[in-house]
Amino acid sequence: MKRYIIERLISVFFTFLIGTLILFLVTRLSPIDPIDTIVGKLAMMSTTISQEQFESMKKTLMSIYGLDKPLLVQYFSFMKSLVMGDLGPSFSFFPTPVSELIFRAMPWTVGLLTTSIIIAWLAGNLIGAIAGFFEQKKFSKFLEGFFLVLSLVPYPVLALTLMILFVFTFPIFPYFGGAPSSMISHISFKYILGIIKHAFLPSLSLILVYMGASVVTMRALTISVKTEDFTEYAFLRGLPKRHILWHYVFRNSMLPQITGLTLSIGQVFGGALITESIFSYPGLGQLSYYAIVNGDYNLLMGVAFFSLVGICIAVLLLDFIYPLVDPRVRVGE
Amino acid sequence: MMRRILRFFRYLRISKSFSYGVITLVILLILGYVVAPFAPYDPMRWGKVPRDRPPSLKYPLGTTTVGQDVFWLATYAIRNSFTLSILTGFFSMLIASFMGFISGYLNEKVTGKLTNLIIDSFSVIPGLPYIMVLAFSFKEYLNIPLIALFLSTIGWAWPSKQLRSIILEIREKTHVYTARASGFSLFTIFWSEFLPYVLPWIATTVLNLMTWAIGMETALGVFGLSSMEKATIGTTIYWAMNYQALLRGKWWWIGTPIVTVILMITSLYYISIGLGEMLNPRSRLAQLRRERIQWLKSEM
């Protein structure tokens with residue numbers, strides 16, 4: 001067992017290294033020169049700047065950030081400063097360090113996504129289990145069709161429709177940001193209400209999509225567990241239907257869904273790029289969209305680093321949790 | 001072969017959702033590949049038809065604000081989006097079957113371990129930001145095959161993980177040991193010992209990859225990172241949003257690509273479910289029973 005854990009840890013560590021290397025190389029493909037952006041910003045502050053000064057400024061900045069060195073050297077210096085907890089400065093928000101931007105955005109994203117995922121997961125699995133248990137009933141078929149279409153609609157389309165409906169046509173919800181901007185952030189009932197109001201639409205769109213997927217898969221899982229021998233035996237024993245549903249079928253169909261939940265929670269740290277940029281929510285997804293469009297690869301690597309760590313931890317956790325949840329895996333070993 | 005085709009048609013009759021999928025897909029394919037070349041004018045050109053007309057007999061799906069015929073635009077979009085999804089499915093599956101087979105079959109060797117590591121690394125990379133960076137970096141050169149290639153560089157990872165576990169299971173069978181002991185080459189072993197088992201899985205996975213590609217293209221399109229000169233589902237939505245079609249009540253413009261993409265994705269989904277059931281020997285018994293009932297009903 002000890003050897004298994006160590007082996008898994010080493011392989012996850014290398015997975016993480018190669019993953020960051022690939023992302024690192026890809027982000028450097030960007031046609032935008034980040035140094036030009038910084039110099040442009042500095043030039044705007046001071047009125048007169050000669051061509052010579054411009055060139056020398058560029059050179060200094062290049063050498064400060066090590067951008068004049070070969071790519072692999074840059075990668076190693078990136079990893080080195082990463083170990084010391086330094087993600088470098090953001091190019092487009094110039095002197096602000098990347099880690100500060102990320103820690104400012106992190107609570108918004110994590111709050112929005114974990115709440116939405118957990119609500120959607122619970123509701124979706126309950127509905128899916130009931131729909132699967134009574135698969136022949138009309139309402140079950142209707143539910144499957146409804147949630148199937150919901151999960152298959154391209155997500156941006158769903159989000160945009162919600163926004164147009166509830167922001168422009170019926171202006172119930174605010175459009176911009178994560179909290180009422182006129183108020184200072186201190187804890188009060190009104191402020192919390194404002195946060196919920198701002199998070200409602202993005203959260204609703206996420207819940208609908210996640211729920212769609214989990215209802216459809218849970219229904220299929222429940223149907224397959226329902227036809228297994230032990231469930232048929234339970235029916236023949238004349239156990240009450242409710243008992244069979246919750247104790248025989250539901251518990252056994254939950255196992256694959258736990259995998260799904262763990263992976264989705266792991267992905268939280270990447271932010272929801274589409275959701276946050278459509279609803280202008282101040283989280284990690286919007287930050288990474290901003291970074292992509294402005295060629296700010298330090299910032300992008302910073303966000304990607306957290307998302308890679310999140311997924312790697314989730315994958316690792318799954319390997320260790322599964323034997324605890326499913327006794328059959330333990331016996332298999 | 002003949003028997004397989006016959007079984008396909010028999011299955012078409014007994015499974016409603018499968019026949020819905022096949023029929024919708026055939027109609028969409030005809031619209032995209034047979035009808036689209038007959039377009040009286042290039043649908044991407046502006047000002048060919050009057051602006052902002054609602055659906056009528058002359059313009060069955062209305063016209064856009066810049067003077068394009070939505071119907072012909074949709075046929076082009078269907079064709080391009082399908083081409084993109086088929087290319088993505090093909091490329092991804094090509095890489096996935098190679099990597100998955102190597103890492104599963106050579107599990108104990110260093111090659112297998114390394115391939116597995118690469119598969120794992122690609123499957124933890126956040127997909128959407130990765131593709132957006134690629135698309136943004138090559139924005140000027142974007143065309144359909146290039147987007148398909150970009151999507152394939154990340155789309156192969158999860159399928160190869162699945163394939164690896166399938167291969168690990170199959171390779172313990174005796175006929176594989178016999179083939180290996182007889183000194184067959186790696187390719188021959190894959191082709192004749194593994195492929196027959198894996199084929200149903202490949203079929204359904206390619207369909208799933210196609211669905212994924214269509215969805216991804218739509219997401220890229222909404223951000224304006226798809227091939228903007230070509231009509232695809234994503235770019236049609238992008239331009240409609242850009243001209244505030246929904247706010248201004250031009251529902252036919254934005255509604256057409258949305259309905260089309262839902263039809264495309266649901267048809268592919270039902271076909272992949274149906275194919276999986278049809279080719280799965282375990283569910284064949286239930287299938288025979290259903291065929292029998294159908295036959296009895298028709299006799300009565």
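**How confident is the model in chain B?**

What does chain B average in pLDDT? Chain B averages 84, and 95% of the residues score at least 70; pLDDT is the predictor's confidence in each residue, from 0 to 100. Among the elements of chain B, helix H12 (residues 281-299) has the lowest mean pLDDT, 68, while helix H6 (residues 144-155) has the highest, 92. For the complex, the predictor gives an ipTM of 0.82 and a pTM of 0.86.

This is a predicted model, in which local features need pLDDT of at least 70 and side-chain atom pairs count only at pLDDT 80 or more, whereas totals for chains, interfaces and linings use all residues. Residues are numbered from 1 along each chain as its sequence is written, and chains are lettered from A, with ligands numbered from 1, in the order in which they are written.

**The build of chain B**

Chain B comes to twelve helices and zero strands. These elements are DSSP runs numbered from the N terminus: helices are H or I with at least four residues, strands E with at least two. The C-alpha atoms of chain B fill a box of roughly 70 × 65 × 30 Å along the principal axes.

Of the 300 residues in chain B, 43% are buried. A residue counts as buried if 20 or more other C-beta atoms lie within 10 Å of its own, exposed if 12 or fewer, and partly exposed in between, with C-beta atoms placed from the backbone. Two residues are in contact if their C-beta atoms, placed from the backbone, lie within 7 Å. Among the contacts in chain B with a separation of 6 or more, 69% join residues 24 or more positions apart.

**Where the chains meet**

Chain B brings 29 residues into contact with 34 residues of chain A. On the chain B side, helices H4 (110-124), H5 (127-137), H9 (186-222), H10 (233-242) and H11 (251-279) each supply at least two residues. H5(B) gives the largest share, eight residues. By class, this side of chain B has 23 nonpolar, five polar and one charged residues. Here Ala, Val, Leu, Ile, Met, Phe, Trp, Tyr, Cys and Pro count as nonpolar, Asp, Glu, Lys and Arg as charged, and the others, Gly among them, as polar.

**Two domains in chain A**

An automatic or database domain assignment sets the domain bounds, giving chain A domain 1 (2-83) and domain 2 (98-330). Their C-alpha centres lie 33 Å apart. The contact between them takes 15 residues from domain 1 and 13 residues from domain 2. H1(A) gives the most to the domain 1 side, with nine residues.

Let's follow that helix. H1(A) has 26 residues and reaches 38 Å from its first C-alpha to its last, close to the 38 Å expected; the expected span is 1.5 Å times one less than the number of residues. Its buried residues include Thr15(A), Gly19(A) and Phe24(A). The buried residues of H1(A) pack against helix H4 (71-83) and helix H13 (297-325) of chain A, together with H4 and H5 of chain B.

**The nonpolar core**

A nonpolar core is a set of buried Ala, Val, Leu, Ile, Met, Phe, Trp, Tyr and Cys residues joined through C-beta atoms within 7 Å. The largest has 147 residues, and those with the most contacts inside it are Val303(A), Ile131(B), Met132(B) and Ala135(B). Helix H3 (residues 70-105) of chain B gives the most to this core, 17 residues. Both domains of chain A give residues to this core, so it lies between them.

Leaving aside neighbours within four places in sequence, Ala135(B) is in contact with Leu142(B), Ile147(B), Phe150(B), Leu220(B) and Leu225(B).
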